[in-house]
Amino acid sequence: MILTKATGHFTETEIDDEIVVMSLESGDFFSLTGTAKAIWLALDAGLDRHGLIAHLVGEFGAAPNAIGPDVDTFLEQLRGAGLLASR
Amino acid sequence: MKNTCLHDHVASRLASEIRWQYGEVPHGIAGVHVPPGFRCIADGCFLLRCESGYGYLYEPGRGITIERPPNADPDEEILWLNGSVYAGVACLNGFLPFHASAVAHEGRVFAFTGPAGAGKSTLAAGLGRFGFPLFCDDTLLVDLSIADQVLAMPGHKRLKLREDALAMTGATAVQPVGAETGKHYAEPLAGSIAQSLPFDTLVFLREGPELTWEPITGAARFAMLEDDHHTQEIYAEAVRPTLAEQFSMRARLAGQLRMARLVRPRSTAGFEASLAFVADRIREDAA
């Protein structure tokens, strides 16, 4: 299952090294830095969960088992905010 | 030069729209009744009915009509005109108002914002003692019509200070504002600026035990722009931006303005110390 951003449901901007994402449904803002920012950017690559984790392992040098739960938690937060889609 | 010409055009359009005359003002617009103490912005027009009986109507291309009640108070009249009415007309003509007082330095604008009573006017006026001319008092209008620059419009309000603030800032009292306000119209020590200038830094005033100046970075700049509720309300009523448009404007301001948080003790001694401190920060930032 390919994970993607929920195009049309948010708008975003980069300020300094942070990404600010706003849900167009709720008007809520999310500030993304560090790993969260890396995941958000990687969602543009058309990866599934395993591909996404492999990408982050390559970027941050962490063990897949160590970051998997954190990635899942963040993806759930994105989904809950209406910012994540899958196909 | 091109930017300057464009801005001059925008500024002169606002000057034209803000002209006023006396006459009858309706009690509603666009089918909406506006009772005393309320305002309405609809169809590009602005209607304010004050509890004192004053009425203000702005219509595009026709300027402002002021209805005076019996026993009209000229001080009240100018306060409404330069306050909510001016802000509403400015918003309807594409300007964004900030609740801020500002000084100019090296051709750029440094503005101080905070809630009522935070000391915006006193700080900006007091910086006159360090050679900084006043740029505006209480309301700062911003022109966003030029993509790569945030331009600030010079102030339209006369500086108003209380007796104690006059002594602290070195400003000269010109005349009382009104019997009930306890304030005086005043001339700042280093004069004032009457031309539009690039907006450099927005400083958020906070009270605290220790004098600090903390640059605001990243998404915090974006979040801080939510602080200015009063002027944002008028802008939202006038322009009715979508969420995406609001986001875009705030992203632009967060990207193009420097921001800082000034924490200072609220005391005469704290004020004295903060003046020299802030003057140094502004000079450093401009260098």
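Predicted model: local features only at pLDDT ≥ 70, side-chain atom pairs only at ≥ 80, totals over all residues.

Q: Why is E8(B) described as largely enclosed by the rest of the structure?

A: A residue counts as buried if 20 or more other C-beta atoms lie within 10 Å of its own. Eleven of the eleven residues of E8(B), which spans residues 95–105, are buried, so the strand is largely enclosed by the rest of the structure.

Q: Which strands pair with E8(B) in the antiparallel sense?

A: Strands of a sheet pair through backbone hydrogen bonds, either parallel or antiparallel. E8(B) is joined by five bridges to the antiparallel strand E11(B), residues 139–143, where Thr139(B) is the bridge partner of His99(B). With E9(B), residues 108–113, E8(B) forms six bridges, also in the antiparallel sense; there Ala102(B) has Ala111(B) as its bridge partner. Two bridges link E8(B) to E10(B), residues 134–136, again antiparallel, and Val103(B) is partnered by Leu134(B).

Q: How many residues lie between E8(B) and E9(B) in their hairpin?

A: Two residues lie between these strands, and Glu106(B) in the turn has a positive phi of about 50 degrees.

Q: Which residues touch the most other members of the largest nonpolar core?

A: In soluble globular proteins, nonpolar side chains tend to be buried together. Here the largest nonpolar core has 89 residues, and Ala102(B) and Ala111(B) touch the most other members. Helix H2(B), residues 74–92, supplies the largest share of this core, eight residues. Setting aside neighbours within four places in sequence, Ala111(B) is in contact with Phe98(B), Ala100(B), Ala102(B), Leu140(B), Leu202(B) and Val203(B).

Q: In what order do the strands of the five-strand open sheet of chain B stand?

A: The order is E1-E7-E6-E5-E4, with mixed pairing. E1(B), residues 20–22, and E4(B), residues 38–42, are the edge strands, each pairing on one side only. On average, neighbouring strands of this sheet are turned by 15 degrees against each other, direction ignored. Five bridges join E4(B) to the antiparallel strand E5(B), residues 45–49, and Ala42(B) stands opposite Cys45(B). H2(B) packs on this sheet, touching E1, E4, E5, E6 and E7 of chain B, and its direction makes about 155 degrees with that of E5(B).

Q: Which strands stand at the edges of the three-strand sheet?

A: The order of this open sheet in chain B is E13-E15-E14, and the pairing is antiparallel. E13(B) and E14(B) stand at the edges with a single partner strand each, so one side of each is left without a neighbour in the sheet. Its neighbouring strands are turned by 50 degrees against each other on average, direction ignored.

Q: How many residues of chain A are in contact with chain B?

A: Eleven residues of chain A are in contact with eleven residues of chain B. On the chain A side, the elements giving two or more residues are E2(A), residues 10–15, and E3(A), residues 18–23. The residues of that side divide into four nonpolar, four polar and three charged.

Terms used: Residues numbered from 1 in each chain as written. Chains lettered and ligands numbered in written order. Buried ≥ 20, exposed ≤ 12 C-beta atoms within 10 Å, placed from the backbone. Helix = DSSP H or I, 4+ residues; strand = E, 2+ residues; numbered from the N terminus. Pairing = 2+ DSSP bridges. Contact = placed C-beta atoms within 7 Å. Nonpolar A, V, L, I, M, F, W, Y, C, P; charged D, E, K, R; others polar. Axes fitted to C-alpha atoms, helices over the stretch in contact; angles between N-to-C directions. Core = buried A, V, L, I, M, F, W, Y, C linked by C-beta atoms within 7 Å.
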